[in-house]
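Please look over the sequence and the model below.

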Amino acid sequence: MPSGTEALFRAALGPSAARVYLPILARFEERGRSGLVWSPRAALGNLAWLVYWRLWDAVLVQSILTVAGAGALGGLWARADGVPMGVRFGMAVAVGVLWFAVPGLWGVAWLHGGLRQRTVVAVEEAGTFKEALEHLERSVFVWRPRGYLLSALAALSVVLLVWGAGQLWRGTAESGEPASAALLRRTPPPSISPVATPTPTPTPAPAPAPEQTAASPVVDKRVPVIESPATEPAAERVLPDPDLSGVRLRVKGFGVSVGLFSVVANAERAKARLSEAGLPVLDDLVESARGPLTRVRVGPFERREQAEAAAQKVRALGLEARVYAP
């Protein structure tokens with residue numbers, strides 16, 4: 001690399017960064033093009049590293065990848081009914097590796113292109129080569145405090161994204177049900193008011209006839225007796241069965257949550273596989289913002305050990321299984 005180009009790059013990098021990146025930039029200049037080089041600092045620093053070196057095009061690309069990856073993982077964890085936990089975890093790891101690999105492999109190449117643009121602008125605007133060097137050094141000195149601040153803000157935003165994803169995963173793992181169960185609307189059971197049964201009015205008994213004595217003449221008097229009509233028993237009122245379709249039934253005992261299915265055919269297939277494995281299957285219909293869902297569970301069991309053994313059988317069938325307590 002020519003000494004003039006090396007001096008410009010050194011002024012644009014600063015003394016400490018020049019010791020790390022200048023040998024790599026020299027190889028790029030000798031080949032006449034940039035290439036893929038692994039940089040741990042760019043991989044771990046990620047958005048903060050790109051912001052510090054003012055690589056705004058790369059910042060935009062990495063930000064789009066970050067938001068798209070976070071949105072895809074959020075949708076997967078919140079709405080993918082019946083997707084096994086291993087598949088979700090594998091996709092999350094793949095997105096994380098890609099997020100670190102992109103700046104780690106292309107970061108130095110992006111830095112090389114950005115430094116070439118700055119040095120060309122500095123040479124064109126300065127009257128002499130010395131003034132160009134002073135302009136680059138002054139630009140690094142002025143930008144460094146703001147670069148540290150903006151890099152810290154970028155790192156904080158990444159930490160908040162990771163924390164939000166961790167909270168979502170933790171809530172899913174502790175609930176014993178898929179994350180989509182958080183969207184369900186719980187409907188209180190309908191109250192049934194007691195119905196008063198009419199009490200039959202007792203019929204008064206007829207007065208006893210007076211006893212005849214020997215002294216009193218016998219008079220044949222027929223007194224008409226008016227029979228009161230027998231009181232008909234009140235007809236029993238039959239109450240219709242309450243509509244409990246919107247009520248989520250709670251089964252006592254330990255159990256295994258298999259998943260919530262938006263497609264009835266998928267739920268039936270899961271129930272059939274569980275039944276063929278000799279497991280007791282429970283299913284009920286729940287309402288959600290996305291429509292009715294079928295919840296499939298295994299149980300109930302008296303002891304947690306029984307539920308853990310059943311969960312192993314469920315996982316062996318390729319289904320998701322989470323043990324829940326009564």
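Of the 326 residues in this protein, 34% count as buried, where buried means under 20% relative accessible area, exposed means over 50%, and partly exposed lies in between (1.4 Å probe, protein chains only). This is a predicted model, in which local features need pLDDT of at least 70 and side-chain atom pairs count only at pLDDT 80 or more, while totals for chains, interfaces and linings use all residues. Residues are numbered from 1 along each chain as its sequence is written, and side-chain values use heavy atoms, with hydrogens and water left out.

The protein has nine helices and four strands; these are DSSP runs numbered from the N terminus, with helices (H or I) of at least four residues and strands (E) of at least two. Read from the N terminus, the order is α-α-α-α-α-α-α-β-α-β-β-α-β. Among contacts with a separation of 6 or more, 73% are between residues 24 or more positions apart, a contact being heavy atoms within 4.5 Å.

Next come the aromatic rings. Six aromatic pairs are present in the structure. Rings of Phe, Tyr and Trp (its six-membered ring) pair if their centres lie within 6.5 Å; planes under 30 degrees apart count as stacked, over 60 as edge-to-face, and the rest as tilted. The ring centres of Y52 and W53 are 5.2 Å apart and the planes stand at 85°, so this pair is edge-to-face. W99 and F100 also form an edge-to-face pair, because their planes are at 80°, with centres 5.0 Å apart. W99 is buried at a relative accessible area of 16%, whereas F100 is partly exposed at 35%. W53, with 7%, is buried. Ring pairs also join W53 and Y52 with Y21, W49 and Y148 in a cluster.

What lies on the outside? The accessible surface of the protein is about 21,100 Å², and 62% of this belongs to carbon and sulfur atoms; such areas come from the Shrake-Rupley method with a 1.4 Å probe, and for residues only the protein chains shown count as cover. W56, L149, L150, L153, L156, V159 and L160 make a nonpolar surface patch of about 690 Å². Patch residues have over 30% relative accessible area and no salt bridge, with nonpolar side chains (Val, Leu, Ile, Met, Phe, Trp, Tyr) joined within 5 Å and like charges within 9 Å. A salt bridge is a side-chain nitrogen of Lys or Arg within 4 Å of a carboxyl oxygen of Asp or Glu. Helix 7 (residues 129–175) gives the largest share of the patch, six residues. L160 is located in helix 7 and is exposed, at 52% relative accessibility.
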